[in-house]
Amino acid sequence: MFTDGRLYSPVTTSTDGDVTVHLSDEHPGVHDPEYRARRNAIAARALAYRPGTPAPRIDYTDDEQQVWRIASAELARKHQRYASAEVLAAAQHLGLPGDHIPQLDEVSEKLVPLSGFRYVPAAGLVPLREFFGSFAQRIFHSTQYIRHHSAPLYTPEPDSIHEIIGHANQLASPRFAAIYAEAGAAVARLESEAALKFLADVFWFSMEFGVVREHGEVRCYGAGLLSSYGEIEEFRQARLRPLDVREMGTATYDITHYQPVLYCANSISEIEDVVGGFFADVTDEVVAAHG
Ligand SMILES: [Fe+2]
């Protein structure tokens, strides 16, 4: 899940209950009626979900499974070269399947013993307060659709590959999971939308697009980088800034391009101290003082 609404295809329900996902004109699947029907059906399953019941089981097609196999193998190779040691160790413990798209309950079964996180379905964008707030209960809202098979290494919107290969590999680390949980607890304290947006932006530049220096090399731990075949090669060209919560919370960014500025930690401990520490302490007043 990315929390920027501009990244999502809007989902609507008609008065007679028909669920429609509105793909943009540039979406690789926009001219494929079968794909569009599929997206509508998967979104309808997520909308019908009720907490406390099993997550919808999606009967993925051969094309969809093939997309997962390609992306999963290519990203695993990239991770060896570019991902942080903390993520690589977590991914090894998690052991995601490379041969099929795991159902959300399958992801939860693997994650719960490692960090307590469970996956629940999302049809599309989940409101910021609900998305981040649920981290306090160690719940992660995840989309279940997969990118179009004509472009297995590209997606204009967060799909299963982002949610699972990006976020679950990160959430399998108890250290990163604790940072998510702090962000979730913070949401309950924040009243203003400005403070919530500030928290979301700090999260964006850390848990989505964060990098860390390890043995003299810059490696990524952010889910957005871990799940992007293109950006994971490019992030070493980005301008690197030291971790600075005030900058991260107020920086502007263009979601449609590779991030030109990234925030680089010197260690996982520094991410815990600076980002985790910020989530642990943040209030509306703290954000107002940063503004
Ligand atoms: Fe995300």
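Author: Rings of Phe, Tyr and Trp pair if their centres lie within 6.5 Å. The model is a predicted one, and a search of the whole structure finds 18 aromatic pairs.

Reader: Why is the pair of Phe-135 and Tyr-180 called tilted?

Author: The ring centres are 4.9 Å apart and the planes stand at 50°. Planes under 30 degrees apart count as stacked and over 60 as edge-to-face, so 50° leaves this pair as tilted.

Reader: What makes the pair a tie between separate parts?

Author: Phe-135 lies in the loop between α5 and β4, while Tyr-180 belongs to helix α7, so the pair ties together parts 45 residues apart in sequence.

Reader: How do you know whether Tyr-180 is buried or exposed?

Author: Buried means under 20% relative accessible area. Tyr-180 has 0% relative accessibility, so Tyr-180 counts as buried. Phe-135 is also at 0% and counts as buried.

Reader: What kind of aromatic pair do Tyr-180 and Phe-203 form?

Author: Their planes are 85° apart, with 5.2 Å centre to centre. The angle is over 60 degrees, so the pair is edge-to-face. Phe-203 sits in helix α8, 23 residues from Tyr-180. With a relative accessible area of 2%, under the 20% limit, Phe-203 is buried. Phe-135, Tyr-180 and Phe-203 are among the members of a cluster linked by ring pairs.

Reader: Why is the charged end of Arg-39 said to sit over the ring of Tyr-145?

Author: The charged end of Arg-39 is 3.6 Å from the ring centre. The distance limit is 6 Å, with a further condition of within 35 degrees of the ring normal.

Technical notes. Residues numbered from 1 in each chain as written. Predicted model: local features only at pLDDT ≥ 70, side-chain atom pairs only at ≥ 80, totals over all residues. Heavy atoms only, no water. Phe/Tyr/Trp six-rings, centres within 6.5 Å; stacked < 30°, edge-to-face > 60°. Helix = DSSP H or I, 4+ residues; strand = E, 2+ residues; numbered from the N terminus. Buried < 20%, exposed > 50% of the residue type's maximum accessible area, 1.4 Å probe, protein only.
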